[in-house]
Protein chains: 4
Amino acid sequence: VDRSLDPDPATQAEIADTSRLETFADGVMAIAITLLILEIDVPHVEGDGSLALALARQWPSYAAYVVSFLTIGIIWVNHHHLFTVIERSTSTFLMLNVVFLMTIAALPWPTALVAEYIQDDARRAVATAVYGGTMVAIAVMFNVVWRYASHDARLLPRTVDRVALARINRNYLAGPVVYSAATLLALANPWISLVIFALLALYYLVPTSGPRAALLHDGGEPAPGEGQ
Amino acid sequence: VDRSLDPDPATQAEIADTSRLETFADGVMAIAITLLILEIDVPHVEGDGSLALALARQWPSYAAYVVSFLTIGIIWVNHHHLFTVIERSTSTFLMLNVVFLMTIAALPWPTALVAEYIQDDARRAVATAVYGGTMVAIAVMFNVVWRYASHDARLLPRTVDRVALARINRNYLAGPVVYSAATLLALANPWISLVIFALLALYYLVPTSGPRAALLHDGGEPAPGEGQ
Amino acid sequence: VDRSLDPDPATQAEIADTSRLETFADGVMAIAITLLILEIDVPHVEGDGSLALALARQWPSYAAYVVSFLTIGIIWVNHHHLFTVIERSTSTFLMLNVVFLMTIAALPWPTALVAEYIQDDARRAVATAVYGGTMVAIAVMFNVVWRYASHDARLLPRTVDRVALARINRNYLAGPVVYSAATLLALANPWISLVIFALLALYYLVPTSGPRAALLHDGGEPAPGEGQ
Amino acid sequence: VDRSLDPDPATQAEIADTSRLETFADGVMAIAITLLILEIDVPHVEGDGSLALALARQWPSYAAYVVSFLTIGIIWVNHHHLFTVIERSTSTFLMLNVVFLMTIAALPWPTALVAEYIQDDARRAVATAVYGGTMVAIAVMFNVVWRYASHDARLLPRTVDRVALARINRNYLAGPVVYSAATLLALANPWISLVIFALLALYYLVPTSGPRAALLHDGGEPAPGEGQ
């Protein structure tokens, strides 16, 4: 086999893979997060109508925009954290990420749905449940992507701390569980359910350090002078 | 000729070319895949109407979203695979990629068309044929891009295995053939045609290793310790 | 701890962080800036109506497009300048940037709002105030992002000139102050307020050198021959 | 001055600048090109209406999509060519690129305008003139960006061939001239004008080698074995 063109082609291909996957995922998440604004209408007020009042009445759209924006932002930060430890890729992993991105890219639609029906007593529960269901799907796929990568350190450095890995796996499982509970709650009381989605966005907004420090024990901050 | 600024300018320009082409292609595919959600409407239900029922009636939109999303995702993965072996670029190659991207970027439109008319007996066949025609155009352009790059190893490493190359060329030809057959079938029975498009998306979802391993014989997985 | 895989993992992770943050921020800003055109309608003229006249009557949409486009463009250039001196990242910093991007991504909506109501005497003030309020939110978040990064040189090189840093901080504060003043003015005279927003876009269009030269004293232009 | 952190910070900052500018420009062009499809409607046919006929009647939308897509694609390829020779950046240059991108990002709107009025005898000329005017603006700004960068080799390698540079400058001037002529023609005969826009897209589709080879005399194709 002539490998003179490339001293270590397989390794290099793996690195390129991860980088192009990150770029594609960042692209889809950046677009989905920016499309959210298209779901907010410009109110059409005529005659004696007050624009200020019409704008105020649209508060569910703004609230839904903020919650969905922060949620996608948080997913992006966490996806980002995963790829500080994931260092290889496979075709299966690419496909799992495509399915994961499919759930995120869908979010503008349930966001508009819940904003439309949040003030409709008869339909609020269904709209909230669809919104929550999308959140559950995102949380489940996030775990699937991570489990595939971390199982037996498949795409991680071989030196990861297996005890820390098990703990992180448990932590990430909280996502699907909490979102499923809040979604089921929507059938009983959609308002509480929506408040929980908003609180979850705020809760996850408080940053954590991500899995890298725990898994690789490589310290957090570079020492002064180490920068660049 | 003064080449002191750059020890090997031509080679460097070629590498930069491929990287910027990949970024542009990834951008177009990420946007096209994320715009798909805009084709799904929020149903407007009033009076006694059931939102759950209205959402359920929109199933063709969700099905079309999933099939088109997976199809673009699969094309992205395969385009990705191509560029693990394509290592140079030319102006002609850039233009061929622009035409290829034009077919992919068009997909949100036939997706909405087929979702709109899938339940209309008189028009289902035409909508499905247009959808299939777009798929055929994508598959043909994918082959054109690959054939241009691989012909006489024009943009590939000179050391590629020519026998494997011929086999890969034959494999890629299956795309236009199968999609053309399914599109023609739409004129007789659009349902079967649509089921085939969905099955093709699922079939291609099962990952393959891509052309790199076959063409360069450089192995698949890096050995333990080789990572990073 | 086995760190043989990566001679300096913490430092490397920090670099990757900044680069992926820049890519994501560039993506959101590129999309928000490009979505602005969707807010301009194609006028529907029938019968004897003049298309030229209908297009001319839409001048507020074109003016709003230009002002908002230049504003986002200027924010991008300034964000760009920040990251020539910011060289590390933290989870908190990522989250602050997500909130900053949320204000920028919202801009297409108040842009359409102000274009819709600029010719409506009774509602011009409210629409202008909402537009100005979004500008204030962007300017405030820009300062928050910068203050977090520059406080005690948290994410900057340790060698930055502290005196220059204090001066730059004062300069950046002008943004929120001027935009707040123009927004308050909208309640008295929205036309003057809108002219100020346009003038600010033109004013900031005149380029400055950014904080890097002042903070790092590393000179501006590379000397001839230093390029490459 | 402590420059120990960075052996050559100014030069490095310049390189980063060009790369982030290219990413942002690629993003805007990728989004503008992909948004074009949103301007094509799904026809709503009811009763006895033929979907095939309704789709056929929309041919101006498809034609406008193809011409505008190829035009943006060609601009992207040419912008790409510029940045194989442009190796530095300045704040002024960033701002000029923002204005250049503003003209490209606007293209989906005149594309929809011309598709809407191409079959309307009374309004075809105005719509075509607006479309052509946008093309002229793009071509003018392309020249402004290039002239700024190439004037006295401001952002080019100092070793460029000045004679070749003058010839390239003349060639690029053809763009604004030809597009202006075709736009003026629209007032007399919009059909001829539109055919010229389509032919120009096809004409520029035939690839040229770009300015790099002429300016740097560094050869076109890497010799066999030089790749990677």
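A residue counts as buried under 20% relative accessible area, as exposed over 50%, and as partly exposed in between. C:Ala198, at 25% relative accessibility, is therefore partly exposed. The structure under discussion is a predicted model, and the predictor assigns the complex an ipTM of 0.82 and a pTM of 0.84.

**Confidence in the model**

- Chain A has a mean pLDDT of 82, with 83% of its residues at 70 or more.
- Over residues 1–16 of chain A, pLDDT stays under 50, and the model has 30 contacts beyond four places in sequence for this stretch.
- Where pLDDT is low, the predicted coordinates should not be read in detail.

**Architecture of chain A**

- Chain A contains nine helices and zero strands, which gives the pattern α-α-α-α-α-α-α-α-α along the sequence.
- Of the 228 residues in chain A, 60% are buried.
- When contacts in chain A between residues at least 6 apart in sequence are considered, 76% of them join residues at least 24 apart.
- The accessible surface of chain A amounts to about 8,800 Å², and carbon and sulfur atoms account for 63% of that surface.

**Helix H8 in chains A and C**

- A:Val195 belongs to helix H8 of chain A, which spans residues 190–205.
- The relative accessible area of A:Val195 is 47%, so this residue falls in the partly exposed class.
- Together with A:Leu199 and A:Leu202, A:Val195 forms a nonpolar surface patch with about 270 Å² of accessible area in total.
- In chain C, C:Ala198 is located in helix H8 (residues 190–205).
- C:Ala198 and C:Thr71 are separated by 127 residues in sequence, while their C-alpha atoms lie 8.9 Å apart in space.

**Salt bridges**

- Over all chains, the structure holds 24 salt bridges.
- In chain A, the side chains of A:Glu87 and A:Arg88 form a salt bridge with an N to O distance of 3.3 Å, and both A:Glu87 and A:Arg88 are buried.
- In chain C, C:Arg88 and C:Glu87 are joined through their side chains in a salt bridge of 3.2 Å, N to O.
- C:Arg88 has a relative accessibility of 4% and therefore counts as buried.
- In chain D, a salt bridge of 3.4 Å, N to O, connects the side chains of D:Arg162 and D:Asp152.
- This pair links distant parts of chain D, 10 residues apart: D:Arg162 is in helix H7 (residues 162–188), and D:Asp152 is in the loop between helix H6 (124–150) and H7.
- D:Arg162 is partly exposed because its relative accessible area is 42%, whereas D:Asp152 counts as exposed because its relative accessibility is 56%.
- Chains A and B contribute jointly to a network of salt bridges that links A:Arg20, B:Glu22 and B:Asp26.

- C:Asp120 occupies the loop between helix H5 (108–117) and helix H6 (124–150) of chain C.
- The side chain of C:Asp120 makes a polar contact of 2.6 Å with the side chain of C:Arg123.

Methods: Residues numbered from 1 in each chain as written. Chains lettered and ligands numbered in written order. Predicted model: local features only at pLDDT ≥ 70, side-chain atom pairs only at ≥ 80, totals over all residues. Heavy atoms only, no water. Patch = residues over 30% accessible without salt bridge, like charges linked within 9 Å, V, L, I, M, F, W, Y side chains within 5 Å. Areas by Shrake-Rupley, 256 points an atom, 1.4 Å probe, with all protein chains shown as cover. Salt bridge = Lys/Arg side-chain N within 4 Å of Asp/Glu carboxyl O. Helix = DSSP H or I, 4+ residues; strand = E, 2+ residues; numbered from the N terminus. Buried < 20%, exposed > 50% of the residue type's maximum accessible area, 1.4 Å probe, protein only. pLDDT = per-residue confidence, 0-100. Contact = heavy atoms within 4.5 Å. Polar contact = N/O pair within 3.5 Å; in protein donor to acceptor, adjacent residues only side chain to side chain.
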